[in-house]
Amino acid sequence: MDASADSLILENDRSLEFYRKVKKTYGTDDYLFVTFQPNAPLFSKASIKQLKTLKDQLAALPDVETVISLVDAPIFDPENVSLTNIENDLYFIGDENVDLIKAKEHILNIPLYRNLLISSDGETTAIQANLKGNKNYFKLNDELRKLQWKRINKEPLTAYEAQAERNLREELRLLADEDAKRNERVINQIRDIKKGFQNVGTVYLGGIPMIAHDMIEYVKSDLVVFGLGVFLLLILIQAFIFRRIRWIVITLGCCIITAVMSMGILGIFDWPVTVISSNFVALLLIITMSLVIHLIVRFRQVERENMDADYDEKVLLTISSMFTPCAYTALTTIVAFGSLMVSDIRPVIDFGKMMIMGVSLAFVVAFTMFPLLMKLKKKAGLDRRKETGFFTFTNKLAIVSDRWRWQVALVAVAMSVASAWGISYLSVDNRFIEYFKSDTEIHRGMKVIDTELGGTTPLEIIIERSAIEADFAFIEEESEEEEWEDEWEGESASGEEETPRLWMTSHGINKLHKIQNFLDSLSVTGKTLSLAAGLQIVEQINDNQRLSDFELALLEKKIPADLREQVMSPFYDKENDEVRFLVRVKETDPDLDRNKLLADITKFFKEELKFSEESFHFTGMLILYNNMLESLFKSQILTLGVVFGIILLMFIVLFRSLKLAILGMFPNLVGACFVLGLMGWSGIPLDMMTITIAAISIGIAVDNTIHYIHRFKMEYKRLGDYTQAMYACHDTIARAMYFTSITIIAGFSVLVLSNFMPSIYFGLFTSLAMLIALMANLTLLPVLLLIIKPLNLEQEVLDSIDNKTESERDSNIKKSIAVD
């Protein structure tokens with residue numbers, strides 16, 4: 001199981017490399033937020049005592065390295081504090097004889113703390129628990145990335161380097177497993193601590209590790225719920241359709257064998273299950289069941305048409321007649337899932353590999369286990385039930401296709417136009433908080449942090465020294481005060497000139513304040529942390545005056561160590577003279593558009609501040625996640641044409657007719673495009689799961705097209721009339737298509753029981769896509785065949801050759817049985 005942040009980012013994303021470099025310099029995202037809203041006023045002795053107890057219990061956890069809370073925040077009285085005596089003028093809320101009323105006023109007057117450690121109303125506070133990490137992670141990852149980039153650049157690796165790459169992968173995987181276990185352990189411990197505070201206040205838990213952990217739990221739950229749900233539906237639907245235990249046993253036997261073998265293969269090849277591939281087993285059950293139902297329906301038809309034939313001959317005739325269409329349905333499904341492998345996202349690639357392996361395995365199991373299980377009981381007996389409306393539904397659709405041909409075609413055209421219009425509104429920019437139901441702890445905790453404590457998703461902006469070098473070149477030319485130049489350029493004790501530190505000057509700080517004010521003014525941003533935000537505390541002490549260059553130099557020497565760790569070190573890299581802004585974005589804001597946010601910031605930097613594009617960089621989980629969605633959109637949605645092209649070529653080879661191949665593509669286009677268009681019309685953005693709906697629905701729905709056209713050719717060859725062939729298909733193969741599609745639709749609908757909203761949307765829209773595709777294959781496809789009449793005299797000649805070949809094959813089968 002893998003739901004880590006790394007499983008949702010691009011494998012070879014340059015932004016990932018920069019992100020890891022930033023984390024190595026400024027610290028990781030391995031921290032948890034614990035929000036506390038006491039029943040009594042927060043600034044009361046009882047509540048402060050409870051807060052301190054909560055903080056101490058969190059700090060005592062073995063996996064927690066440090067804790068930042070309101071208790072640890074230095075406070076000052078702006079009327080009685082001086083810059084020269086700052087160390088002695090600070091106090092803490094936990095000190096004895098503190099006036100809590102004044103302390104509340106002082107804390108709320110400190111911009112850095114407001115909406116970060118404490119809500120603006122002074123009633124809710126947050127504790128940040130920084131988790132212990134493995135110090136070797138960045139070192140090992142750097143070594144691995146060097147080898148990976150060498151491979152990407154087509155440079156050959158030596159045998160030693162190749163072995164080192166494998167070893168590093170294994171070590172990093174073990175470290176990731178250790179981190180996952182650590183997260184699970186500490187999250188469960190914090191939730192146990194929470195229970196002790198239920199009677200004194202409201203406590204929520206948040207943070208990226210908690211989101212990853214809960215997503216794993218949702219994946220596990222979906223695997224169980226969806227798997228069992230599909231399994232039970234298989235039994236119920238097949239019991240209703242076939243009403244014979246032997247068919248249920250055969251279908252479930254093949255499904256169980258496929259599922260167990262595929263999971264064993266996942267274990268052998270170490271393919272972890274992620275959020276994206278969490279429905280892998282259920283999809284395999286559905287695909288295997290589809291193959292077996294087609295075999296069962298075909299066998300029952302063979303039984304009716306060959307009353308006097310030997311039982312073994314009926315089984316072999318069933319297998320031989322269904323082998324070609326089922327082989328092509330498996331191949332087209334493999335092509336559809338294979339399209340996922342063009343992505344740069346590791347779990348998406350793994351999902352594609354899983355499904356290619358699984359579909360291949362399902363085909364082999366179906367065509368080996370079905371005849372084997374059929375040998376267990378040779379006398380089945382004909383089904384003589386009176387058919388109800390459920391079973392004659394396909395016959396009614398045949399009448400619709402025959403009598404209202406042009407009306408059906410016009411409806412399909414209208415749906416296509418509406419779908420194309422809706423697709424133009426599709427987007428991938430969504431709010432992460434909407435992935436979870438509103439009654440889940442993860443949603444409630446994220447909402448409190450988002451609305452009251454400064455935002456949820458981190459966006460980091462790194463601005464290099466080069467951004468303001470041109471300013472200082474201009475200042476140096478214009479300045480006539482040599483002493484001032486020496487101050488900002490500086491000289492070392494040995495007389496050698498040091499590299500000028502441009503950001504820690506009055507000019508640099510003024511620039512930072514402009515950026516700070518702009519970021520604070522954006523509606524979708526919450527708390528913005530930076531060197532400028534930290535220096536606001538000192539500026540308050542300095543009568544709200546900006547610090548001079550001399551005062552900035554003095555501050556670096558006089559600032560207390562604990563204050564330095566909070567307001568300077570996380571936002572200023574003295575060695576490289578670069579600054580960092582940490583912007584927490586509000587996921588609950590309905591106007592959140594990640595691409596627009598980045599574009600607005602870029603425009604401000606380039607047009608207002610005259611920064612070059614190379615001098616500033618965006619990073620953080622917001623960037624990595626956004627890159628993943630954008631990449632997935634381009635690689636999947638925009639390359640569906642390639643998938644259709646490959647399937648079209650396969651249709652041409654199978655049907656031996658370009659017209660038939662083109663006609664066969666339309667029903668599948670209608671189904672997939674209608675669902676995407678509906679998502680665009682309804683404003684539901686694509687996410688990491690729903691973006692695969694098109695590939696999955698095409699991969700499964702195209703099976704029906706193959707089966708129908710393959711049977712239509714046989715019936716037309718036998719009857720010589722298009723209309724009669726259509727009615728015959730709706731009375732035979734259409735029923736198998738109908739039964740399998742109904743089971744698939746019901747199976748996917750089980751996902752509405754999930755707590756994970758992408759899973760719910762995935763289940764609903766995939767079910768809808770399958771329903772539309774089924775109706776299109778049973779109405780639009782026969783209408784197109786009846787109107788265009790693609791089978792010509794040349795085709796009939798080919799069919800006669802097929803007929804001769806089929807007769808010879810059947811004769812050989814009979815001889816083989818006789819010999820046995």
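Helices (H or I, at least four residues) and strands (E, at least two) are taken here as DSSP runs, numbered from the N terminus. The expected span of a helix is 1.5 Å times one less than its number of residues. The structure is a predicted model, in which local features need pLDDT of at least 70 and side-chain atom pairs count only at pLDDT 80 or more, while totals for chains, interfaces and linings use all residues. Residues are numbered from 1 along each chain as its sequence is written, and side-chain values use heavy atoms, with hydrogens and water left out.

**Stop 1: helix H7**

Select residues 208–241. This is helix H7, with 34 residues. From its first C-alpha to its last it reaches 47 Å, close to the 50 Å expected at 1.5 Å a residue. Then select Arg243, which follows H7 and has a positive phi, near 55°.

**Stop 2: the four-stranded sheet**

Next, display the open sheet whose four strands run in the order S2-S3-S1-S4 with antiparallel pairing; two strands pair if DSSP finds at least two bridges between them. Its edge strands are S2 (64–68) and S4 (201–206), each of which pairs on one side only. On average, neighbouring strands of this sheet are turned by 20° against each other, direction ignored. Axes are lines fitted to C-alpha atoms, for helices over the stretch in contact, and angles run from 0 to 180 degrees between N-to-C directions.

Now select strand S1 (residues 31–38). Seven of its eight residues are buried; buried means under 20% relative accessible area, exposed over 50%, and partly exposed in between (1.4 Å probe, protein chains only). S1 pairs with strand S3 (residues 125–131) in the antiparallel sense over six bridges. In S3, Asn130 is the bridge partner of Tyr31, and Thr125 stands opposite Phe36. S1 also pairs with S4, in the antiparallel sense and over six bridges; here Gln37 stands opposite Thr202.

**Stop 3: the nonpolar cores**

A nonpolar core is a set of buried Ala, Val, Leu, Ile, Met, Phe, Trp, Tyr and Cys residues joined through side-chain atoms within 4.5 Å. The largest one has 234 residues, of which Leu459, Ile463, Ile601, Phe605, Phe611, Tyr708 and Phe712 touch the most other members. Centre the view on Phe611: leaving aside residues up to four places away in sequence, its contacts are Ile463, Ala467, Ile468, Trp503, Ile515, Phe605, Lys606 and Phe616.

**Stop 4: two loop residues with positive phi**

Select Asn115, in the loop between helix H4 (100–108) and S3. Its phi is near 65°, a positive value in a residue other than glycine. Asn115 is partly exposed, at a relative accessible area of 26%.

Move on to Lys610, in the loop between helix H21 (594–608) and strand S9 (616–619). Lys610 is likewise a residue other than glycine with a positive phi, near 65°. With a relative accessible area of 64%, Lys610 is exposed.

**Stop 5: cysteines**

How many disulfides does a search of the whole structure find? It finds zero, a disulfide being a pair of cysteine sulfur atoms within 2.5 Å. To finish, select Cys326, which is buried at a relative accessible area of 0%, and Cys729, which counts as buried at 0% relative accessibility.

Methods. Contact means heavy atoms within 4.5 Å.
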